Each structure stands twice: as structure tokens, then as C-alpha cells.
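Please read the following account alongside the sequence and the model.

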Amino acid sequence: MAPWSLFAALALALAAAFAAGQERTKSVLTGLRPDHPRLFLDAERLAALRAAAAGDPCLAKAQDDVIARAGELLEAPPLRHQLVGPRLLSVSRACLDRAWNLALAWRLTGDPRFARAVEQNLLTVGAFPDWNPSHFLDTAEMSHAVGLGYDWCFAALEPTARETIRAALVARGLAPGIAAYTGSPPAWWTRSEFNWNQVCNGGLLVGALAIAETDPSYAEMIVAHAVESLPRALATYDPDGAWPEGPGYWSYATSYTAYALDALRTALGHDFGLGDRPGLARAGFFPLTAGGPTGLYVAYADVGEGARRGSLPVLLWLAGRYGEPALAAAEREWIAAHPAAPQHVAWYVSPAGEAPFTPPLDRLFRGPVELALLRSAADDPDALFLALKGGYNAVNHGHLDLGAFELDAGGVRWARDLGADDYNLPGYWDGQQGGKRWSYYRLGSHSHNVVTIDGEEQAVAGRARFTGFVSRPDYAHAIVEIADAWPERATAMRRGVALFRDRRAVLVQDEIELARPAEVLWGLTTDAEIEIDGPQARLVQRRESDSPAVLLATILAPPEAVFAGESAARPAPERPNDGVRRLVVRHPAAAGPLRLAVLLVPLGAGLSVLPPPFLLRPLSQW
């Protein structure tokens, strides 16, 4: 039997099985808006936005940007069912980009070319043999794309095409979704606390609500299961909006949180209380705080190399949903300088004289993966910025990096995280103790700015928690307990980082109680050129339009330790890490206590030489 026939048969069987439960749809789908478009941006709000654009240059630009992008997409080649590794995801996302831009451009202009392009793209993907349910993100994002295009262009679709698209959405999206929810056991993502939960539930909700009046059984089942599943992931934002998978995945997870909750609100009039979480209400401040003055994110977990704050339309949704106008102001600043996305229009919040959010000097984000952020100034591109990471190594997309730090100063990043490697590397997702994942340099401990013992990796089961955090006008510090990362090697292990001397210098101090003699390695990964003179090192980075940036590093303890330099280069198929170096301290130590302290001073941050010597204090006395 052809794949289409298999999916059609499954769809018919499920529809028959659900027929007896039609009465239940009244409880879940009560309040369903009967007309189209019903999702995200109804006709009344669109009319209001078009009128408001006459007096709002930012909104007018956003609408023009969408129309311009849609014009480009009219020339895009047909989508093809082509996997990259195990994924169809790039095709699903391309379809999603086309659906949002082309459908909104049609609604803004009435130009039939845009509606015809939506119709043709949806027919093309509807004729695919499947939407790759084995990697369900692909199916969910395609369901989102098809549901959105169907709903927004409903009136412009040819009746035969409309029915073909609807049937494909059921067979390739919703029916596999219900099979995932009701399997024995259900699909793993239904119980996940991370981004797969929001993406899979959110994509299915958009697709199901788009056709809820014609296929209420599917919509009822999907809404009921999604509303039951989503709280597991939404609780992950608590208590203050940070995201354990890193700021890059914050964007993915939170965007789909918004799609899910806003689809429910606009289609049904409410979101079943899913949005009433304190962490979610504060979530918009996380990506605006987790970037340094260089613009680079704190790159923990599988964040892309060089990741920085980009387009975040979800900030507008969060601003409107939770009454946080500073978030909207921050995203309007982005729109003014970059091409807008259609979601910017759908979730637009008009200015009311508010200033954009400015991050605090210091912030400790709690939650499953704690993160301490310290700054010398909030609005200076040359400011010091120091990040210290806690959490647990087995978190989704996690690396073996408890206690890692990152450092910006003088407009460059000195201590960096290399980010993710290729997801298609063999065993990339084998994250058990000793798993293949940890053999890849970027994911294991030895590429991170941490201390390692006898060349071993941190324990996958390791956890770290902050036990100290102080913020004063001229000084700040954070202390994290990381002995759990070395259960057989260290009976105690703490790392403290401090901004001192009026926040112009950095101290990184490690205190370790070794269970037996071992070689301890302190490491800093950098793009800088390194000049070493025993216990001192001079790091230099070239800047395009300025004098070179310089960071001085000095070992304060133990007195006999010296620096060494290493290459971070790796052979294929790993990413090569061209030009990346490691500044390291290798120190053989006896069993018992060891203090390893390194002073980092950026020249040009108000200091021209190292500060005078000072007395190191135990972390317990900080």
C-alpha cells in the first residue's frame, strides 16, 4: 500500500473511533470561533494594525518588510521531500517561512499572487509521502505551516485545493500526532520538559484548530492532549524565565509556547490557564540579559557558534500577554535596524513612551540550570561581562561544563564556549556516561573553561548549585559548588568568580579537596593570540577599527604554577576550531586541599597595568 493510502486509512480509522466521542468536543472546543481567519490575527485586529501603521513608522516598516519578503518568495523553487540526516526539518521551516510571509502579504495587499503561492506550496507539501513523523519536530512544524496557510488564506483557496490541503493536514500531521499521544507508551516528547514539548504540541495545535470546524474529533483530541502535556515544559521557565537548553533554544521553545497559547486564545478565547506561570511571565528578560556587550550570548548547551541576539518577535507577544512594555520597546529597536518577520506584525505592540529593557549589573537566574551574570556597566560596549554556569550535565542539549565561565571585555569575547558541533555526527545523542557524545571535543569538558582532573570528563550525572552571590556598586561575586561533577576525584570543589577594583578586574578562584594525588588542569578557550611568560600571559585580539585589545592573565596561586598554550584544532568530521587556542595551567597536586587562582585584567578598562598584589581569601570568606 502506498504511504498516502496508509495515512488515509489511519485517518479514516481514527475518525471512526472518535465519532462516539463527539459530545466531548463541546467541553474542549466550546467558544471556537466559527469563521476564518481565527488564528493569531483576526480580520478586526489586522484592520486596526493597518490603520495604526499610518502613524507608526515601525509598524509600517514591518508590514513593508513582510510584503518585500513575500515578493522574493514568489520566485522560490518548489519544496522537495529531502532529508538532511534523519530530518525533514529544513523543508518544514522553509514551508513555514513561506506560509507566514505569503499569507500575511495577501491579507495586507489583496494581491492574488500571494494567495496562489500559498496554495501551491501547501499542495506541494501535501503531496509529500509523509512529513517525517519519525523526527516529529518536522511533522509539527509542517502542521503549523499548513494550518496557518489554510486558515489565513481560507477565502482565497480554490475549493478543491482547500479540501486536498485539509485532507493532507489530517493524514500527514494530525493523525500521526494523535498516534503519538495515544501510543503505548506515548511519544517521549509528550512527557518532555524541554523544547520538543512546546514545538510538537504547538505545531499540532495550530494545525488542529485551523480545521476544527470540519474535523472536531481531531481538534478535540489534540487540544486535550496538548493542554495536558504542555505544563511539563512551561514549568521549566520557573522561577524567573531562564531556559536550561541555553538562550538559542530559549527562542525556539518560547516561540512555540507563544504559538500554542496564542492559537488557543484566538481560536477558543482562552488558553486553559497555561500562560499563568510566574517564570513564563518573566521569560522575555532572559535573552536580553544573557548576552554580553559584544552581542554574543552565553553559549552554554548546544548553542550555535557565535550565537547572538537576533530577531525575537516572541518578545512582542510576551510584552502584550504580561504587560511588559520594555520588551516591546527592545524588539521595536530591532525592527528599526533589521528586516521584520510576519510574527512582528501579528504580535505588534504600539509604543507608549517606554524605554527598552536595560539589563541589571548582576543577575542570578535560578531554575534547573542556574546562571550568574556580572557586568561592569549595562550600556557600555567595552564593559566587562562575566558569566558562570551551574545546573546539571544531563540536561537536554547539555555539555559537560559545570562551573564554566565566559568573559567579554574591551568589545571582544576572551573566554568563549565553542558551541554545538554537527548534530549528524555518529553518536551525537548518545549522552550516557561514557557515551559517544562526550568524545566530541566541543561537548566534553576539555573544550570548556573549567577545571578537569587527570584528563577525565565531568560526570554526566554531575550537578552544580550556587551557594554565594553578592552584588554591590563596586564589586560582585558568585560561587558555585561543583564537587558532584567529580564524585570519585574530589571530596569538595568550588569555583568563585569576582569583579573587583571598581569592577575593572576579574578573579577566578577554584578550591578543590582532592581525594588522591592528581594532575589538575585549568583551561580558558579563546580566539586571542597568547604570549606566555611563566605565571603570566598576555592575550591579544585584533580589532578592525581600533588598537588591539589586550587581556593580562596572572596565576596568583599556587605560586609554582605556570601557563601553557594549546591548540583547540580538531580533525574531521568534527568542526576544526580554526584559530582557537587554549590557555591552560597543568598542576600536579597531592591529595588534600588545592587553591588555584587566576587574575584577568583587560587593559583599556581603566587599568594600564596589573593592580597591586592583594591577599587571597578563602571562598568561605568572600
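The paragraphs below take up pockets, a cavity, salt bridges, a tryptophan and cysteines in turn. The model is a predicted one.

The largest pocket is a place to begin. Its volume is about 1,100 Å³. The lining is made up of 42 residues, and those closest to the centre of the pocket are Leu89, Arg93, Glu141, Tyr249 and Tyr252. Helix H11 provides the largest share, 8 residues. Sorted by class, the lining of the largest pocket holds 22 nonpolar, 14 polar and 6 charged residues.

The second largest pocket has a volume of about 670 Å³. It is lined by 24 residues, of which Leu288, Gly292, Arg309, Glu333 and Pro359 are the closest to its centre. Here the elements that give two or more residues are helix H13 (285-289) and helix H15. Helix H15 gives the most to this lining, with 3 residues. The classes in the lining of the second largest pocket are 14 nonpolar, 4 polar and 6 charged.

How many cavities of 30 Å³ or more does the structure hold? The count is 1, and the volume of the largest cavity is about 70 Å³. Its lining consists of Val298, Tyr300, Leu371, Ala387, Leu388, Lys389, Asp401, Ala404, Phe405, Glu406 and Asp417. Strands E3 (385-389) and E5 (405-409) each supply at least two of the lining residues, and strand E3 gives the most, with 3 residues. By class, this cavity lining has 7 nonpolar residues, no polar ones and 4 charged ones.

Charged side chains also meet one another in this model. The structure has 40 salt bridges. One of them joins glutamate 163 and arginine 166, with 2.6 Å from N to O. Both residues belong to helix H8 (residues 159-182), where they stand 3 residues apart, about one turn of the helix. Glutamate 163 is partly exposed, because its relative accessibility of 40% falls between the 20% and 50% limits. Arginine 166 has a relative accessibility of 14% and therefore counts as buried, the limit being under 20%.

Another salt bridge is formed by the side chains of arginine 282 and glutamate 324, at 3.4 Å from N to O. This pair links distant parts of the chain, 42 residues apart: arginine 282 is in helix H12 (residues 278-282), while glutamate 324 is in the loop between helix H14 (314-322) and helix H15 (325-337). At 37% relative accessibility, arginine 282 counts as partly exposed.

A further salt bridge connects aspartate 408 with arginine 413, again given as N to O, at 2.6 Å. Are these two residues buried or exposed? Aspartate 408 has a relative accessible area of 0%, so it counts as buried. Arginine 413 is buried as well, with a relative accessible area of 8%. Elsewhere, salt bridges link Arg33, Asp35, Asp42 and Glu44 in a network.

Because its relative accessible area is 0%, tryptophan 414 is buried. A polar atom of the tryptophan 414 side chain lies 3.0 Å from the backbone oxygen of alanine 409. The C-alpha atom of tryptophan 414 is 32 Å from that of alanine 515, a residue 101 positions away along the chain.

The cysteines come last. A disulfide is a covalent bond between the sulfur atoms of two cysteines. How many disulfides does the structure hold? The number is 0. For cysteine 95, which is in no disulfide, the nearest cysteine sulfur belongs to cysteine 153 and is 12 Å away. Cysteine 95 is buried, with a relative accessibility of 1%. Cysteine 58 also counts as buried, because its relative accessibility of 15% is under 20%.

How values were computed. Residues numbered from 1 in each chain as written. Predicted model: local features only at pLDDT ≥ 70, side-chain atom pairs only at ≥ 80, totals over all residues. Heavy atoms only, no water. Disulfide = S-S within 2.5 Å. Buried < 20%, exposed > 50% of the residue type's maximum accessible area, 1.4 Å probe, protein only. 1 Å grid on protein atoms, 1.4 Å probe; cavity = no way out; pocket = protein on both sides within 12 Å on 5 of 7 lines; lining within 4 Å. Points joined across faces, edges and corners; volume = space filled by probe spheres on them. Helix = DSSP H or I, 4+ residues; strand = E, 2+ residues; numbered from the N terminus. Nonpolar A, V, L, I, M, F, W, Y, C, P; charged D, E, K, R; others polar. Polar contact = N/O pair within 3.5 Å; in protein donor to acceptor, adjacent residues only side chain to side chain. Salt bridge = Lys/Arg side-chain N within 4 Å of Asp/Glu carboxyl O.
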